[in-house]
Amino acid sequence: MRVSKVLKAICGFSREVVILAVEVVGGPRPRLVVDVRPKRRRRGRCGRCGVLAAWLDNGDGVRSWRHVDAGYATVEVRAVARRVECRSCGPTVAAVPWARHASAFTRAFEDLVVHDAIVGNKQAAADRYGTSWRAVNNMCVRVATEALGRVDLLDGLVAVAIDEVKYKKGHKYLTVVCDHVTGQVIWAARGRSKETVGAFFDALGPRAAGLQFVTADGATWITDVVAERAPDAVVCLDTFHVIGWATKALDEVRRVEWNRLRQAGATKAAKEFKGLRFLLRRNWENLTISQREVIWSLETANRRTFRAFQLKEELRDIFALPLSQARAALDSWLACASRSKLAPFVKLARTIRTYRASIEATIEWRLTNGIAESNNASIGRIRANARGFHDPEAFITMIMLDRARLAPDLPWATAS
Ligand SMILES: [Zn+2]
């Protein structure tokens with residue numbers, strides 16, 4: 001087998017790439033330098049817009065691109081970066097088959113690093129490949145921008161969920177829009193205000209008329225804009241948020257009871273009670289037998305907290321019922337909650353009465369939690385992996401790469 005053929009296979013070069021020479025430069029870590037050129041063509045393609053254009057000159061001459069490592073060696077692809085005279089862009093470096101425009105890395109290398117940045121985080125990817133966080137971030141932006149130019153995520157939307165996501169302490173939020181049908185994130189921007197939601201509808205344009213359902217958490221900065229920009233859409237309340245309200249009310253009851261025990265001097269009981277927090281937050285069906293016994297024991301130990309847990313679970317069950325049964329169940333739940341003498345639940349009953357129409361729409365159209373909940377969990381994971389984001393744009397890029405399924409395939413999955 002000829003060396004160039006071996007090399008071509010190892011580097012995953014397509015037929016569009018011609019190998020001219022190869023050398024190994026020593027050092028603690030050897031560098032495999034491969035001189036290449038694209039297959040000769042009468043005309044080249046503009047690196048910026050991709051249109052065929054006449055050759056101009058050799059530009060700044062030889063350039064190199066970092067390529068996927070081969071064994072112990074790093075690999076460098078070297079070629080003359082010729083320029084074309086593009087009708088719309090002017091003199092521009094021609095497109096090369098191995099790299100994206102204006103990048104010091106090959107396409108395969110970028111895809112690999114971005115893949116690692118999504119699975120882990122940017123710093124880990126930077127350490128692994130011996131590059132900087134900034135370089136990895138730029139790769140993510142290039143890959144996401146390219147992918148977004150290929151697909152129109154806003155096309156054919158019928159049902160969306162609009163939600164807010166925290167990216168930094170101190171009330172720094174993004175607005176994130178998901179498609180209920182595909183479960184993908186389709187749009188995200190910094191801020192949570194009427195202007196942010198307005199920007200989504202600006203991007204959507206006349207396609208807003210096709211929207212039939214919008215789920216949200218009931219915040220007026222969302223619902224007011226939806227009512228104005230997509231008047232025919234039914235506004236539903238994400239089940240996820242309603243259950244969230246109930247979990248919060250339950251937590252408030254638990255905290256009040258815990259403080260009461262502490263002030264009464266029952267330190268041991270108070271301590272045990274504090275540990276209940278995460279148990280109470282969980283869904284009944286996810287509890288183990290012994291955990292269920294702990295909850296059951298509350299019926300005698302602390303009836304108020306037990307009742308609060310029951311109210312949370314009962315509300316959850318209502319969302320699984322067909323609409324007519326759910327309506328009746330909601331009536332009796334509201335009556336129970338209002339009479340419960342548990343202030344947070346009395347308040348919650350009032351809130352639910354306010355949003356009753358949106359809640360019933362959610363039950364009727366079965367646009368339940370799944371989407372918002374799983375996307376929220378995944379976005380939380382992205383944020384945790386990165387140990388927080390200072391730059392909202394960097395966070396948005398990672399959300400789009402991961403949750404809009406714009407992540408690149410591993411290079412060898414697409415090599416032709
Ligand atoms: Zn051009």
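These legends accompany close-up views of a predicted model.

**View A. Four cysteines hold the zinc ion.** Let us start at the metal. The zinc ion is coordinated by the SG atoms of Cys46, Cys49, Cys86 and Cys89, at 2.2 to 2.3 Å. The angles among these four donor atoms run from 105 to 115°, and the site is tetrahedral. For comparison, the ideal angle for four tetrahedral donors is 109.5 degrees. Along the sequence, the donor residues follow the spacing C-x2-C-x36-C-x2-C. Cysteine 46 sits in the loop between strand E3 (44–45) and strand E4 (52–57), while cysteine 86 belongs to strand E7 (residues 83–86), so this pair ties together parts that are 40 residues apart in sequence. Cysteine 46 counts as buried because its relative accessibility is 1%, and cysteine 86 counts as buried at 3%.

**View B. A nonpolar patch lies on the surface.** Here you can find Met1, Val6 and Ile10, which make a nonpolar surface patch of about 340 Å². Isoleucine 10 is part of helix H1 (residues 3–11). With a relative accessibility of 55%, isoleucine 10 counts as exposed.

**View C. Arginine 41 meets glutamate 16.** A search of the whole structure finds 32 salt bridges, and this view shows the one between the side chains of arginine 41 and glutamate 16, at 2.6 Å from N to O. Arginine 41 lies in the loop between strand E2 (31–38) and E3, and glutamate 16 in the loop between H1 and strand E1 (17–25), so the pair ties together parts that are 25 residues apart in sequence. Arginine 41 is partly exposed at 44% relative accessibility, and glutamate 16 is partly exposed at 30%.

View D. Glutamate 146 and arginine 150 form a salt bridge, with their closest N and O atoms 3.6 Å apart. Both residues lie in helix H4 (residues 133–150), four residues apart, about one turn of the helix. Glutamate 146 is partly exposed, at 27% relative accessible area, whereas arginine 150 is exposed, at 60%. The two also belong to a network of salt bridges that links Arg100, Arg107, Glu110, Asp111, Arg142, Glu146 and Arg150.

**View E. Aspartate 251 pairs with arginine 277.** The side chains of these two residues meet in a salt bridge of 3.6 Å, N to O. Aspartate 251 lies in helix H7 (residues 239–263) and arginine 277 in helix H9 (residues 277–281), so the pair ties together parts that are 26 residues apart in sequence. Aspartate 251 counts as buried at 11% relative accessibility, while arginine 277 is partly exposed at 33%.

Definitions and conventions. Residues numbered from 1 in each chain as written. Predicted model: local features only at pLDDT ≥ 70, side-chain atom pairs only at ≥ 80, totals over all residues. Heavy atoms only, no water. Donors = N, O, S within 2.8 Å, 3.2 Å for Na, K, Ca; no water. Tetrahedral: all angles 85-135°; square planar, octahedral: opposite > 155°, others 65-115°. Helix = DSSP H or I, 4+ residues; strand = E, 2+ residues; numbered from the N terminus. Buried < 20%, exposed > 50% of the residue type's maximum accessible area, 1.4 Å probe, protein only. Patch = residues over 30% accessible without salt bridge, like charges linked within 9 Å, V, L, I, M, F, W, Y side chains within 5 Å. Areas by Shrake-Rupley, 256 points an atom, 1.4 Å probe, with all protein chains shown as cover. Salt bridge = Lys/Arg side-chain N within 4 Å of Asp/Glu carboxyl O.
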